[in-house]
Amino acid sequence: MGCCATTEEQQENKKWNKELREEKRQDQSVKKLLFLGSGGSGKSTLFKQLRTLHGTGYADKDRLQFRDHIYAQVVEQMRLCLECIDILKEENADEYKDTELTPSGKQAADVLQSAATLQVTPQIAEAVATLWQEDAIKLIYSLRATMKIDDSCAYFWDEVSRIAASDYVPNDKDILLVRYRTTGVIEQKFEMKKNIFHVFDVGGQKSERKKWIHCFELVTAVIFVASLSCYDEVMFEDEEKNSMVDSVELFEQICNNEWFKDTAMILFLNKKDTFAEKIENVPITECPQFRTFNGNTQSYDETTEYIKEVFENCNSNTSKQIFTHLTCAIDKNQVEKVFNDIQTVIINASLAQGGLIA
């Protein structure tokens, strides 16, 4: 009897060990990717693109979850523009003392400010459309880098009549462009060319960064996203700090973090489209981190190469390579191409961590 019991136990143990090995094998086959970067860099937009390209996409039920975020952006950002008119006049009285809304603009502002909810009704849409035609609002939008107005607001204000429709369901572009602050950690698994990727998107604001640490274990690759166009902008949480300076400092911390000494480091210099437009009028030397740049400030190639070097020079590990890509998160075709390109890097990093390649 004792012998039979021992044999049964051995068979049971053998079965459990086999199952554990299989679970471990499956777990090791999943490539864990961590999206990191400062707030406003475009991390979440890239994450949404991945979901559209390689995930489940967005059913109508999922799309409706973005509607309130879009309503909030349309209304709250226009209200912020109205506040900024007064701030601008107070801080720059000589230059902007005559900046005023027209009588119809003031009437529209009253309608917007008195709205009890953030829902974009036809009445609110009409008020927003009227305000968007005002020279004073256009001026504030042109100064959005320091006024904390999101770039994509112009798109939503142009589309406000469609957004106000009772049967409005956000389309792919709406979902990509809506700006809201990511809190906590969002994760999803994607399959690309028969490889499983477990992707984590975390909030980039300073208050969110303390939540990152529990995501750091057993990461195959870090994709650090930095906005190229933020070089003349201030942080959402700290008006005294340049957004690009924060991004470079954060990359230096992540790149040299002990958790990631054996982790592939991929750098996405994002918003290259906005950057290309901005350098026509605003030199990158506006950023304290880039004051030493002495090339052609309107040359896209020279400026992006310089910024790339600034970031890559943060790496203190000479044996570790930074894989850098210039990206535009709202361009689906370009995002798909970039992710196809970096898959080899990620797969090789996974093999190296498993001891299968040096």
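Visitor: How do β2 and strand β3 run, parallel or antiparallel?

Guide: β3 covers residues 195-202. Eight bridges join β2 to this strand. The direction of the two strands is antiparallel.

Visitor: In what order do the six strands of the open sheet stand?

Guide: The pairing in this open sheet is mixed. Its six strands follow the order β2-β3-β1-β4-β5-β6.

Visitor: Which strands stand at the edges?

Guide: An edge strand here has a single partner strand, so one side of it is left without a neighbour in the sheet. From one strand to the next, the twist averages 20°. The edge strands are β2 (185-192) and β6 (322-326).

Visitor: How many of the residues of strand β4 are buried?

Guide: In a regular strand, side chains alternate between the two faces of the sheet. In β4, A221, I223, V225 and S227 point one way, while V222, F224 and A226 point the other way. The strand, residues 221-227, is largely enclosed by the rest of the structure, because the number of its residues that are buried is seven of the seven.

Visitor: How many bridges join β4 to strand β5?

Guide: On the β1 side, strand β1 (residues 30-36) runs parallel to β4 and is joined to it by four bridges, with L36 opposite F224. Strand β5 (residues 264-270) also runs parallel to β4, and A221 stands opposite A264 there. The bridges between β4 and β5 number seven.

Visitor: Through which helix does the chain cross from β4 to β5, and what is the hand of the crossover?

Guide: The path is a β-α-β crossover by way of residues 243-255. That helix lies across β1, β4, β5 and β6, at about 170° to β4. The helix is α13, and the crossover is right-handed.

Visitor: Which helix runs at about 150° to β6?

Guide: This helix spans residues 300-312. It lies across β4, β5 and β6. The name you want is α15.

Visitor: How many residues apart in sequence are the parts tied together by K43 and D201?

Guide: The side chains of K43 and D201 meet in a salt bridge, 3.9 Å from N to O, and both residues are buried. K43 belongs to helix α2 (residues 43-54) and D201 to strand β3, so the pair links parts whose separation in sequence is 158 residues.

Visitor: Which residue forms a salt bridge with E100?

Guide: E100 is partly exposed, with a relative accessible area of 42%. E100 lies in the loop between α4 (93-96) and α5 (103-113), and its partner in helix α3 (residues 60-91), so the pair ties together parts 11 residues apart in sequence. The closest N and O atoms are 2.6 Å apart, and the partner is K89.

Visitor: Is K337 buried or exposed?

Guide: K337 and D341 meet in a salt bridge at 3.1 Å, N to O. Both lie in helix α16 (residues 332-353), four residues apart, about one turn of the helix. D341 counts as partly exposed at 37% relative accessibility. At 51%, K337 counts as exposed.

Visitor: Over which residues is the pLDDT below 50?

Guide: The mean pLDDT of the protein is 86, and 85% of its residues reach 70 or more. Where pLDDT is low, the predicted coordinates should not be read in detail. Beyond near neighbours in sequence, the stretch you ask about has zero contacts in the model, and its pLDDT is below 50: residues 20-27.

Notes
Residues are numbered from 1 along each chain as its sequence is written. This is a predicted model: local features need pLDDT of at least 70, side-chain atom pairs count only at pLDDT 80 or more; totals for chains, interfaces and linings use all residues. Side-chain values use heavy atoms; hydrogens and water are left out. Buried means under 20% relative accessible area, exposed over 50%, partly exposed in between (1.4 Å probe, protein chains only). Two strands pair if DSSP finds at least two bridges between them. A crossover is right-handed if, with the strands pointing away from the viewer, the path from the first strand over the helix to the second runs clockwise. Axes are lines fitted to C-alpha atoms, for helices over the stretch in contact, and angles run from 0 to 180 degrees between N-to-C directions. Contact means heavy atoms within 4.5 Å. pLDDT is the predictor's confidence in each residue, from 0 to 100. A salt bridge is a side-chain nitrogen of Lys or Arg within 4 Å of a carboxyl oxygen of Asp or Glu.
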